[in-house]
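Please look through the sequence and the model shown here, and then read the short report that follows.

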Amino acid sequence: MLRLRCLWWTSCSSLHLNRRFLPSPIISSSSFRSKMEAVSYSTQSSTPSKKLLFRQLFEKESSTYTYLLADASHPDKPALLVDPVDKTVDRDLSLVKDLGLKLLYAINTHVHADHVTGSGMIKTKVPGVKSIISKASKASADLHVEAGDKIQFGDLYLEVRATPGHTLGCVTYVTGDDPDQPQPRMAFTGDALLIRGCGRTDFQGGSSEQLYESVHSQIFTLPKDTFIYPAHDYKGFTVSTVGEEVLYNPRLTKDEETFKSIMENLKLSYPKMIDVAVPANMVCGLQDLESKAA
């Protein structure tokens, strides 16, 4: 009998199951800007009945992207949010409502140090939404994922890839590679891989060596036309591709020793939000609520 790494289960029809998947919202492979002016579009898969609704949103103070994905062809229009920010929760939930979606999950690529996740706030506003983060992050969440797990929403899913190096618990979420999944694929890389850059590696268990290996083995091995959607951008870029980053990323196109030297000599300032953000994000952004309950 396979052990389920989840604290909650629902029988709602938005979770399509078949024998490929475990009876859980998370499919385990081990057991098997405040503006809405960023890119906003739907992408069609190779199979007409499988339509991914996709929106890219931006929180300007921390330059964080939040991504909304939904199976628009499913009767329930099940949806998830990647890297929600506390300051823009109301905006995001308003969009979910306007589009007639059923929000299932609020998921994070890692424990952020520059903003407080909106996951916890979303949970208090929309009963039934479950938070997700990697098991390696050691942060609180309803569901914990590991490399190879699949997060299903309707007939679509995200594959989990472990991409530590910026932090110990970083993961990248990638749309499926099956014939009935949207193509080209999309990778939500958090801070592991940014557009023409990458996340710093000097705190939260970061490692330049580990980050280099993660990006090269888990992201650069994806098809060249895979879209790269990072957690942040500070220069106005919205999207890249694996092929572009393999050719033009000024850090990760270098050999490993040169990369490590670059990262060791960045001389970056101490993150101004880290002392607030990290403790809050370790408890799903519900730090204040926990303090009041104590």
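## Cysteines and disulfides

A disulfide is a covalent bond between the sulfur atoms of two cysteines. In this predicted model, where a disulfide is counted when a pair of cysteine sulfur atoms lies within 2.5 Å, the count comes to 0 disulfides.

## Aromatic rings

The structure holds 10 aromatic pairs. In one of them, the ring centres of Phe-58 and Tyr-65 are 5.1 Å apart and the planes meet at 55°, so this pair is tilted; both of these residues are buried. Tyr-65 also pairs with Tyr-67, where the centres are 6.0 Å apart and the planes are at 40°, so that this pair is tilted as well, and both Tyr-65 and Tyr-67 are buried.

These rings belong to one aromatic cluster, which is formed by Phe-54, Phe-58, Tyr-65, Tyr-67, Phe-188, Phe-227 and Tyr-229.

## A glycine between two helices

Where does Gly-285 lie? Gly-285 is found in the loop between helix H6 (274–282) and helix H7 (287–293), and, because its relative accessible area is 23%, this glycine is partly exposed.

Although Gly-285 and Gly-120 are 165 residues apart in sequence, their C-alpha atoms are 5.1 Å apart in space. When residues up to four places away in sequence are not counted, Gly-285 touches Val-116, Thr-117 and Ala-280.

Conventions: Residues are numbered from 1 along each chain as its sequence is written. This is a predicted model: local features need pLDDT of at least 70, side-chain atom pairs count only at pLDDT 80 or more; totals for chains, interfaces and linings use all residues. Side-chain values use heavy atoms; hydrogens and water are left out. Rings of Phe, Tyr and Trp (its six-membered ring) pair if their centres lie within 6.5 Å; planes under 30 degrees apart count as stacked, over 60 as edge-to-face and the rest as tilted. Buried means under 20% relative accessible area, exposed over 50%, partly exposed in between (1.4 Å probe, protein chains only). Helices (H or I, at least four residues) and strands (E, at least two) are DSSP runs, numbered from the N terminus. Contact means heavy atoms within 4.5 Å.
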